[in-house]
Amino acid sequence: MSNKIDKQEAVAFLTERDNFLIFTHNSADADTVGSAIALVIALRSLGKTAAAFNREGVPARLAFLHAEQYFVSDIGDTAGYTLVSVDVASPKVLSLPEADYTFALSIDHHKVNTVSCERLYVRDDYIAAGEIIFELLGDMGIPLTQALALPLYAAICSDSGGFRYQATRPQTMRAAATLMETGIDHARICRLLFESKSPLEIAVERLGYQKLELYFDGKFALIAVTAEELRSIGASESDTEGLNQITRQIAGVQLSAVIKPKGEVIKGSLRSNEDIDVAALAQIWGGGGHYHAAGFSVADSDVDAVKSMLLREAERVLL
Ligand SMILES: [Mn+2]
């Protein structure tokens, strides 16, 4: 039996329940955090108890969203809470022990969702979870305030790459326009998301350029970094978000990958510019994601082994 529900059912669920605990994904981005914050604000405005959670904490670069007002740092026993996840595609992107959780509702925009949940409200044609939340809150009759518009605009702007990615739809722009009309400082949001880099991020990028490799007549770009290399510049895996930007902007590149260690596993993130379904590619290794952006992780391996594995599949796809 499918656990998929429609928008009306999602609205009814959010309206009827209480004591919400909203889970966001690891390596948190503005979409998962912004969506969770908007949901918390909206539910609290209805007199409900609601908070959001991220095991790793919200990254400093998202400080402008003021997550501390909406996120709790420790959840303890979750009995009695209505557990909801936003923008979480797989239990793998939640650190243990949440991987064992069954959510009462999972709201997501990923094509492949393997989260254990009683209800799944998924819109895989939406570019951001924030776009789904925007629509849900509208249907719930929640008045749109600047406080709500800020995290939602950040969510949508972030996942659409500043409204540049393929999956940006006219409806995305209409949602953004409505959010903009509240008077939020949209230019500041864009600048903080895309044009503001810490010295550490710059150091990571420099490492990325040093490690950049091109294969198959320049159709495949790869950056593989080891834990040691990251350590040597004082960085950790969570600082490597920008590496995908390096590979995907190279002219002629159709497929790109960033391979990096994360704790006990090796993570691979894949991007494609053209007609290559990287979600399908990521699924080979138990991962998933979107058509043009996906990821996977491999246990009991090293960066070099994952690199050779990826090269074999890239060759198959590209040649
Ligand atoms: Mn997202």
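This is a predicted model: local features need pLDDT of at least 70, side-chain atom pairs count only at pLDDT 80 or more; totals for chains, interfaces and linings use all residues.

User: Which residues form salt bridges with E237, and where do they lie?

Analyst: One partner is K262, where the closest N and O atoms are 3.7 Å apart. E237 sits in the loop between α8 (227-232) and α9 (243-248) while K262 belongs to strand β9, so this pair ties together parts that are 25 residues apart in sequence. Another partner is K267, at 3.6 Å between the closest N and O atoms. Because K267 lies in strand β10 and E237 in the loop between α8 and α9, that pair ties together parts 30 residues apart in sequence. E237 itself is buried, with a relative accessible area of 7%, whereas K267 is partly exposed at 22%. E56, E237, K260, K262 and K267 are linked in a network of salt bridges.

User: How should I read strand β9, and which strands pair with it?

Analyst: In a regular strand the side chains alternate between the two faces of the sheet. Here, seven of the eight residues of β9 (residues 255-262) are buried, so the strand is largely enclosed by the rest of the structure. Strand β8 (residues 220-224) pairs with β9 in the parallel sense over five bridges, and A224 stands opposite I259 in β9. Strand β10 (residues 265-272) runs antiparallel to β9 and is joined to it by eight bridges, with L255 opposite S272 in β10. The hairpin of β9 and β10 has two residues between the strands, and G263 there takes a positive phi near 60°.

User: What can I say about helix α11, and what do its buried residues pack against?

Analyst: An α-helix has 3.6 residues a turn, so residues three or four places apart point the same way. Helix α11 (residues 303-318) has 16 residues and reaches 22 Å from its first C-alpha to its last, close to the 22 Å expected at 1.5 Å a residue. Its buried residues include V303, V306, L310, A314 and L318. The buried residues of α11 pack against β7 (212-215), β8, β9, β10, α10 (278-283) and β12 (293-299). At the start of α11, a side-chain oxygen of D302 comes within 3.2 Å of the backbone nitrogen of D304.

User: Finally, which residues coordinate the manganese ion?

Analyst: The manganese ion is coordinated by D31, D87, H109 and D159, at 2.1 to 2.8 Å, with D87 listed for two OD donors. Along the chain these donors follow the spacing D-x55-D-x21-H-x49-D. D31 in helix α2 (residues 30-45) and D87 in the loop between β4 (82-86) and β5 (105-108) are 56 residues apart, and the pair links distant parts of the chain. Both D31 and D87 are buried.

Notes. Residues are numbered from 1 along each chain as its sequence is written. Side-chain values use heavy atoms; hydrogens and water are left out. Donors are N, O and S atoms within 2.8 Å of the metal (3.2 Å for Na, K and Ca); water is not among the atoms, so sites may look incomplete. Helices (H or I, at least four residues) and strands (E, at least two) are DSSP runs, numbered from the N terminus. Buried means under 20% relative accessible area, exposed over 50%, partly exposed in between (1.4 Å probe, protein chains only). Two strands pair if DSSP finds at least two bridges between them. The expected span of a helix is 1.5 Å times one less than its number of residues. Contact means heavy atoms within 4.5 Å. A polar contact is a pair of N or O atoms within 3.5 Å; within protein, one must be able to donate a hydrogen and the other to accept it, and residues adjacent in sequence count only if both atoms are side-chain atoms. A salt bridge is a side-chain nitrogen of Lys or Arg within 4 Å of a carboxyl oxygen of Asp or Glu.
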